[in-house]
Amino acid sequence: MDLSEGGCFVEMPIPLKVNTGLEIVLWLADTKLRVKGEVATSAPGFGIGIRFISLSPESRSVLQRHVGTWVK
């Protein structure tokens, strides 16, 4: 799975349709983060690209800290 502040990619053999709304739970180190999103891209046999929507300031901060640890 790829992860950024704006979304993520989830591998799945039978992907959801584009524009499908969903809620995803991410474990970032010891933090459980529940975020709302929608399917931005869909590739059968590969997976879906999810765009995060309506992130709270706290969730955005957790994502920024986690993604920032990969860049260093």
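This briefing describes the fold, the sheet and selected residues of one protein model. The model is predicted. The protein has one helix and five strands, and along the sequence these elements follow the pattern β-β-β-β-β-α. Its radius of gyration is 12 Å, close to the 11 Å that the globule rule gives for 72 residues, so the protein is as compact as a globular protein of that length. The five strands form an open sheet with antiparallel pairing.

**Overall dimensions and surface**

- Taken along the principal axes, the C-alpha atoms of the protein fill a box of roughly 30 × 25 × 15 Å.
- Of the 72 residues, 33% count as buried.
- The accessible surface of the protein comes to about 4800 Å², and carbon and sulfur atoms contribute 56% of this surface.
- Among contacts with a separation of 6 or more, 52% are accounted for by residues 24 or more positions apart.

- The order of the strands in the open sheet is S1-S2-S5-S4-S3.
- Strands S1 (2-3) and S3 (21-28) stand at the edges with a single partner strand each, so one side of each is left without a neighbour in the sheet.
- Strands of a sheet pair through backbone hydrogen bonds, in either a parallel or an antiparallel arrangement.

- S1 pairs with strand S2 (residues 7-11) in the antiparallel sense over two bridges, and Asp-2 stands opposite Phe-9 in S2.
- S1 and S2 form a hairpin, with three residues between the two strands.
- S2 is also joined to S5 by five bridges, and these two strands run antiparallel.
- Phe-9 has Gly-49 as its bridge partner in S5; Phe-9 therefore takes part in pairing towards S5 as well as standing opposite Asp-2, in keeping with the definition of pairing by bridges.

- S3 and strand S4 (residues 31-43) pair in the antiparallel sense over eight bridges.
- Within this pair, Gly-21 stands opposite Glu-38 in S4, while Val-25 has Arg-34 as its bridge partner in S4.
- S3 and S4 form a hairpin with two residues between them.
- S4 is joined to S5 by seven bridges, with the two strands running antiparallel; Lys-36 has Ile-53 as its bridge partner in S5.
- S4 and S5 likewise form a hairpin, with three residues between them, and Gly-45 in the turn has a positive phi of about 85 degrees.

- Most residues other than glycine have a negative phi.
- Ala-29 has a positive phi, near 60 degrees, in a residue other than glycine.
- Ala-29 lies in the loop between S3 and S4 and counts as exposed because its relative accessibility is 65%, where exposed means over 50%.
- Ser-54 is not a glycine either, yet has a positive phi of about 55 degrees.
- Ser-54 is found in the loop between S5 and H1 and, at 72% relative accessibility, counts as exposed.

**Arg-51 in strand S5**

- Arg-51 is placed in strand S5 (residues 47-53).
- With a relative accessibility of 37%, Arg-51 counts as partly exposed.
- Beyond its neighbours within four places in sequence, Arg-51 is in contact with Gly-6, Gly-7, Lys-36, Gly-37, Glu-38 and Ala-40.
- Arg-51 and Ser-4 are 47 residues apart in sequence, and their C-alpha atoms are 9.6 Å apart in space.

**His-66 in helix H1**

- His-66 is placed in helix H1 (residues 57-71).
- The relative accessible area of His-66 is 19%; buried means under 20%, so His-66 counts as buried.
- Leaving aside neighbours within four places in sequence, His-66 is in contact with Leu-3, Leu-28 and Ala-29.

How values were computed. Residues are numbered from 1 along each chain as its sequence is written. This is a predicted model: local features need pLDDT of at least 70, side-chain atom pairs count only at pLDDT 80 or more; totals for chains, interfaces and linings use all residues. Side-chain values use heavy atoms; hydrogens and water are left out. Helices (H or I, at least four residues) and strands (E, at least two) are DSSP runs, numbered from the N terminus. The radius of gyration is taken over C-alpha atoms; the globule rule is 2.2 Å times the number of residues to the power 0.38. Buried means under 20% relative accessible area, exposed over 50%, partly exposed in between (1.4 Å probe, protein chains only). Contact means heavy atoms within 4.5 Å. Accessible areas come from the Shrake-Rupley method with a 1.4 Å probe; for residues, only the protein chains shown count as cover.
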